[in-house]
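I am keeping these notes while I look through the structure, one topic at a time. I want to write down what I looked up and what I found.

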Amino acid sequence: MINVTKSYFPQREKLDKYIDQIYASGWMTNNGKLLEELEQRLKAFLGVEYLVLVSNGTLALQVAYHVLGIKNEVITTPFSFVATTNSLLWENLTPVFVDIEPHTFNIDPGLIESAISPNTTAILPVHVFGNACEVEKLDIISKKYSLKLIYDAAHAFDVSDGNSNVLRYGDASTLSFHATKIFHTIEGGAIILHNEEDYTKAKLLINFGISDYDKVDLLGINCKMNEFQAAMGLAVLDDFEQISIGRERVWEKYVDAFTKIPEVQLQVNNERFKNNYSYFPVVFQSEAKLLEIKQELNNQNINPRRYFYPSLNRLEYLQHANPCPVSESLAKRILCLPIFPDLDENAQDAIIKIIIDKLIK
Ligand SMILES: Cc1ncc(COP(=O)(O)O)c(C=O)c1O
């Protein structure tokens, strides 16, 4: 079976070198040496000053809301993984959905102002599939209305414009290091902050609010990353350049194949920021066509995924979500194709052929 993604396994010897250090130290979690090393190396790699490692990308979002004191309504995108909306609902925050741009698939900044109410406290955009949002426009709106700006950057590891990483924007950004992501720690995530005060608060919140022996300063939670997760992260980071080169090769081949097919719409990338080759979404003209193609791929043991379906404003447990026609239409017609560094070239040719044959018949 060829899945939409394949978790990257570093060579055992490489991983073992890090795991040996855990055995030598006798220290498995709570700010261990490997966690510190990973934090330092990621800060340097991503060009950010304040980074807090956590146990997953969903809790990274929830802790970010607490750090920044988010309340009531949060303006967000309906086109994302369900964790974006669920993290808000879990914190008793109300998502207010603003529709997306039809070509970038990111929140449409032009529609945000009319959705702001006296109860709005924050904007939560997503750099969907690693495609950077219009960060300058979002910056202006958030400042104009004194709203906090938190980016769900779960897909946006290693997205920069050459000088500046996209994680430097907003009041906070969060990453997911789930095993399916281009950089991973099996399960894991990070919160990127921009000042010492927020960083210190986040460090407290992820460890129950405990500041010292017998001293609890804040109502916190437990979402620490452990040493085994950090070991995996360090081993994957050692190989990251190769991972990225492998993904780029697959990504380029899809682009070459599909740009000349008018029946397939591709995501338009923010010109300023380079793509991280994390996903390869294709959009068909109808849901019926998508289902037909997906079935044929499944018949050949190929498992693309409907990322993201449904549009989040249509989640059954939401009561008063407003319609978002662009997102709803896209969610019905979009399929993410397999992309990982060692995707076999013949297999990729077969995927492309199945799709094109179905489109032109
Ligand atoms: C956009 C987005 N936000 C948040 C998350 C949650 O991350 P995690 O699975 O690490 O909790 C994901 C996970 O895939 C995601 O795609």
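This is a predicted model: local features need pLDDT of at least 70, side-chain atom pairs count only at pLDDT 80 or more; totals for chains, interfaces and linings use all residues.

I then checked the bounds in the domain assignment, which gives domain 1 as 2-238 and domain 2 as 240-360. I also looked up the C-alpha centres of the two domains, which lie 24 Å apart.

Which residues come nearest to the ligand? I found 14 residues around the ligand, of which G57, T58, F81, A154 and S176 come nearest. The elements that give two or more residues to this shell are α3 (57-68) and α4 (82-90). By class, I listed 4 nonpolar, 9 polar and 1 charged residues in the shell around the ligand.

I traced an open sheet of 7 strands, which has the order β2-β8-β7-β6-β5-β3-β4 and mixed pairing. At its edges I found β2 (50-54) and β4 (94-97), each of which pairs on one side only. On average, neighbouring strands of this sheet are turned by 25 degrees against each other, if direction is ignored. I followed β2 to its partner β8 (residues 189-193), and noted that the two run antiparallel and are joined by 5 bridges. For V52 I looked up the bridge partner in β8, which is I191.

Helix α2 (residues 33-46) lies across β2 and β8, and runs at about 135 degrees to β2. Helix α5 (residues 135-144) lies across β5 (120-124) and β6 (148-152), and its angle to β6 is about 145 degrees.

I found an open sheet of 3 strands in the order β11-β12-β14, with antiparallel pairing. Why is one side of β11 and of β14 left without a neighbour in the sheet? β11 (265-266) and β14 (334-337) stand at the edges and have a single partner strand each, so one side of each has no neighbour there. I counted 4 bridges between β12 (residues 280-283) and β14, which run antiparallel, and I noted that V282 has L335 of β14 as its bridge partner.

Helix α1 (residues 12-25) packs with α7 at an angle of about 145 degrees, and their axes are 9 Å apart. The crossing of α1 and α7 is right-handed. In this contact, K14, L15, Y18, I19 and I22 of α1 meet E227, F228, A231, M232, L234, A235 and D238 of α7, and by class I noted 9 nonpolar, no polar and 3 charged residues.

I looked up helix α9 (residues 287-299) and helix α11 (residues 345-360) next, and found that their axes come within 10 Å and cross at roughly 145 degrees. Their crossing is right-handed. The contact is made by E292, I293, E296 and L297 of α9, together with I351, I354, I355 and K358 of α11. By class, this contact has 5 nonpolar, no polar and 3 charged residues.

Most residues other than glycine have a negative phi, and most peptide bonds are trans. With that in mind I looked for exceptions. The peptide bond from Y307 to F308 is cis, with omega near 0 degrees, and F308 is found in the loop between β13 (302-303) and α10 (325-333). I noted a cis peptide bond between Y309 and P310 too, with omega about 0 degrees, and P310 has its place in the loop between β13 and α10. Is the phi of F129 positive or negative? The value is positive, near 60 degrees, in a residue other than glycine, and F129 lies in the loop between β5 and α5.

Technical notes
Residues are numbered from 1 along each chain as its sequence is written. A residue is near a molecule or strand if its C-beta atom, placed from the backbone, lies within 6 Å of it. Ala, Val, Leu, Ile, Met, Phe, Trp, Tyr, Cys and Pro count as nonpolar, Asp, Glu, Lys and Arg as charged, and the others, Gly among them, as polar. Axes are lines fitted to C-alpha atoms, for helices over the stretch in contact, and angles run from 0 to 180 degrees between N-to-C directions. A crossing is left-handed if the near helix is turned anticlockwise from the far one by less than a right angle, and right-handed if clockwise. Two residues are in contact if their C-beta atoms, placed from the backbone, lie within 7 Å. Domain bounds come from an automatic or database domain assignment. Two strands pair if DSSP finds at least two bridges between them.
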